[in-house]
Amino acid sequence: MSEKKVAIVTGASRGIGKAIALRLAKDNFMVVINYNKSREDAEKVLESIKEIGGEGILFQGSVTDRDVMDGMVKEVVNQFGRIDLLVNNAGVLRPKYLMMTKLDEWEETIATNLTGPFYCIKSVLRSMIEQRSGRIINMSSVASLSGIPGQSSYAASKSGMNGMTRVLAKELSNYGILINSIAPGFIETDMTGDFPETALKEYKNSIPLKRFGHGEDVANLVSFLASEQASYITGQVIAVDGGLSA
């Protein structure tokens with residue numbers, strides 16, 4: 001049985017997931033760093049956690065594989081005896097206008113961004129219900145709050161996540177489980193690095209604060225929602241977007 005609280009962060013090898021994993025380690029969580037393909041990046045995250053005196057382990061696997069996610073949760077429970085926090089961060093973005101979006105691109109986005117979190121939540125609930133406590137944080141997007149051209153499949157997946165969050169807040173409240181969504185705006189990550197320079201300039205000008213966010217901006221909110229200070233917050237979709245969706 002771990003003396004520390006235990007957090008699983010999917011897609012934690014880079015970007016927002018990396019920032020969240022590091023912040024949770026600072027908050028004294030044992031961090032399970034889930035990654036799919038980027039083992040070298042995941043190992044660097046683990047090294048950084050150890051450098052600040054934190055603890056963590058690596059687990060490779062795609063959130064789109066239900067059996068693998070079940071296996072991850074079982075391994076974590078067997079090793080540490082508990083799961084206190086799940087952060088559904090893994091996601092994909094394939095920016096294209098709907099008329100140019102192929103079916104396999106649509107299905108990949110839904111599978112990763114919506115069905116994947118469904119699998120992960122299903123997997124952790126048994127442990128959290130037995131504990132009668134737990135926190136789940138779903139990483140949504142500002143695209144679910146305001147229309148962004150070229151992001152129809154992404155917005156659909158994240159809007160679905162928001163709806164699931166609101167329903168689960170009511171289904172899980174009797175078990176002491178709190179669930180919320182965070183909707184980041186334009187955060188500087190590898191994902192946004194694929195955007196054309198002209199588009200990035202246009203996006204920045206549309207943000208009231210006139211700057212892109214950083215992974216730490218999102219990680220700070222994760223830290224708060226995972227703390228006892230947020231014990232009366234559930235079923236919410238909270239934007240971290242510099243005022244973009246205001």
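Modeller: Both Phe-186 and Tyr-203 are buried, where buried means under 20% relative accessible area, exposed over 50% and partly exposed in between, with a 1.4 Å probe and protein chains only. This is a predicted model, in which local features need pLDDT of at least 70 and side-chain atom pairs count only at pLDDT 80 or more, while totals for chains, interfaces and linings use all residues. Residues are numbered from 1 along each chain as its sequence is written, and side-chain values use heavy atoms, with hydrogens and water left out.

Biologist: Are the rings of Phe-186 and Tyr-203 stacked or tilted?

Modeller: Rings of Phe, Tyr and Trp (its six-membered ring) pair if their centres lie within 6.5 Å; planes under 30 degrees apart count as stacked, over 60 as edge-to-face and the rest as tilted. The centres of Phe-186 and Tyr-203 are 4.5 Å apart and the planes are at 15°, so the pair is stacked.

Biologist: Which elements hold Phe-186 and Tyr-203, and how many residues apart are they?

Modeller: Helices (H or I, at least four residues) and strands (E, at least two) are DSSP runs, numbered from the N terminus. Phe-186 is in the loop between β6 (177–184) and α6 (197–206), and Tyr-203 is in helix α6. The pair links distant parts of the chain, 17 residues apart.

Biologist: Which residues form one aromatic cluster?

Modeller: Phe-186 also pairs with Phe-212, and this pair is tilted, at 6.3 Å centre to centre with 55° between the planes. Phe-212 lies in the loop between α6 and α7, so its pair with Phe-186 ties together parts 26 residues apart in sequence. Phe-212 is buried, as is Phe-186. The one cluster is formed by Phe-186, Tyr-203 and Phe-212.

Biologist: Turning to charges, which residue forms a salt bridge with Glu-55?

Modeller: A salt bridge is a side-chain nitrogen of Lys or Arg within 4 Å of a carboxyl oxygen of Asp or Glu, and the count by this rule comes to 10. For Glu-55, in strand β3 (residues 55–60), the partner sits 51 residues away in the segment before β1 (5–9). With the closest N and O atoms 3.1 Å apart, the partner is Lys-4.

Biologist: How many Å apart are the closest N and O atoms of Glu-40 and Lys-44?

Modeller: Both residues lie in helix α2 (residues 39–51), 4 residues apart, about one turn of the helix. Glu-40 counts as exposed because its relative accessibility is 55%, and Lys-44 is partly exposed at 46%. The salt bridge between Glu-40 and Lys-44 has its closest N and O atoms at 3.9 Å.

Biologist: Which residue has its backbone nitrogen 3.1 Å from a polar side-chain atom of Thr-234?

Modeller: Thr-234 is in the loop between α7 (215–225) and β7 (237–240) and is partly exposed because its relative accessibility is 27%. Leaving aside neighbours within four places in sequence, its contacts (heavy atoms within 4.5 Å) include Ala-169, Ile-177 and Asn-180. The residue whose backbone nitrogen lies 3.1 Å from the Thr-234 side chain is Ile-179.

Key
A polar contact is a pair of N or O atoms within 3.5 Å; within protein, one must be able to donate a hydrogen and the other to accept it, and residues adjacent in sequence count only if both atoms are side-chain atoms.
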